[in-house]
Amino acid sequence: MDGYPSREEFWQHLQDSCRDCLMWPYREDAGELFAEAFACTLIRKVTRLIRLFGGDEASAERAYHWLSGRYGIG
């Protein structure tokens, strides 16, 4: 992976927008959220991705499209 994509504005905003719904450690660490979302997208575990974002389908979809567009996965 290139640099620290979890530090990009997109991931910071995504984490902030659903922070209350996130489980620990994803609530505290955007890098953990990015890594788990990346893994879910890579292996196409959409239900797990939605649960990761506390049931917020819109946030999960934004993460999925960002990851699939940037890395060609999913």
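Predicted model: local features only at pLDDT ≥ 70, side-chain atom pairs only at ≥ 80, totals over all residues.
Local features need pLDDT of at least 70, side-chain atom pairs count only at pLDDT 80 or more, and totals for chains, interfaces and linings use all residues. Residues are numbered from 1 along each chain as its sequence is written, and side-chain values use heavy atoms, without hydrogens and water.

**Exercise 1.** Find how the axes of helix H2 and helix H4 cross, and which residues make the contact.

Solution. 
- Locate H2 at residues 30-42 and H4 at residues 57-71 (helices are DSSP runs of H or I, at least four residues, numbered from the N terminus).
- Their axes come within 10 Å and cross at roughly 75° (lines fitted to C-alpha atoms over the stretch in contact, with angles from 0 to 180 degrees between N-to-C directions).
- The two helices are therefore roughly perpendicular (65 to 115 degrees).
- H2 contributes Phe34, Ala37, Phe38 and Thr41 to the contact; H4 contributes Tyr64, Trp66, Leu67, Ser68 and Tyr71 (heavy atoms within 4.5 Å).

**Exercise 2.** Describe the setting of threonine 41.

Solution. 
- Threonine 41 sits in helix H2.
- Threonine 41 is buried, at a relative accessible area of 0% (buried means under 20%, 1.4 Å probe, protein chains only).
- A polar atom of its side chain lies 2.8 Å from the backbone oxygen of alanine 37.
- Leaving out residues up to four places away in sequence, threonine 41 touches Leu49, Tyr64, Leu67, Ser68, Ile73 and Gly74.

**Exercise 3.** List what leucine 49 touches.

Solution. 
- Skip residues up to four places away in sequence.
- Leucine 49 then touches Ala37, Cys40, Thr41, Ala60 and Tyr64.

Methods: Parallel < 35°, antiparallel > 145°, perpendicular 65-115°, else oblique. Buried < 20%, exposed > 50% of the residue type's maximum accessible area, 1.4 Å probe, protein only. Polar contact = N/O pair within 3.5 Å; in protein donor to acceptor, adjacent residues only side chain to side chain.
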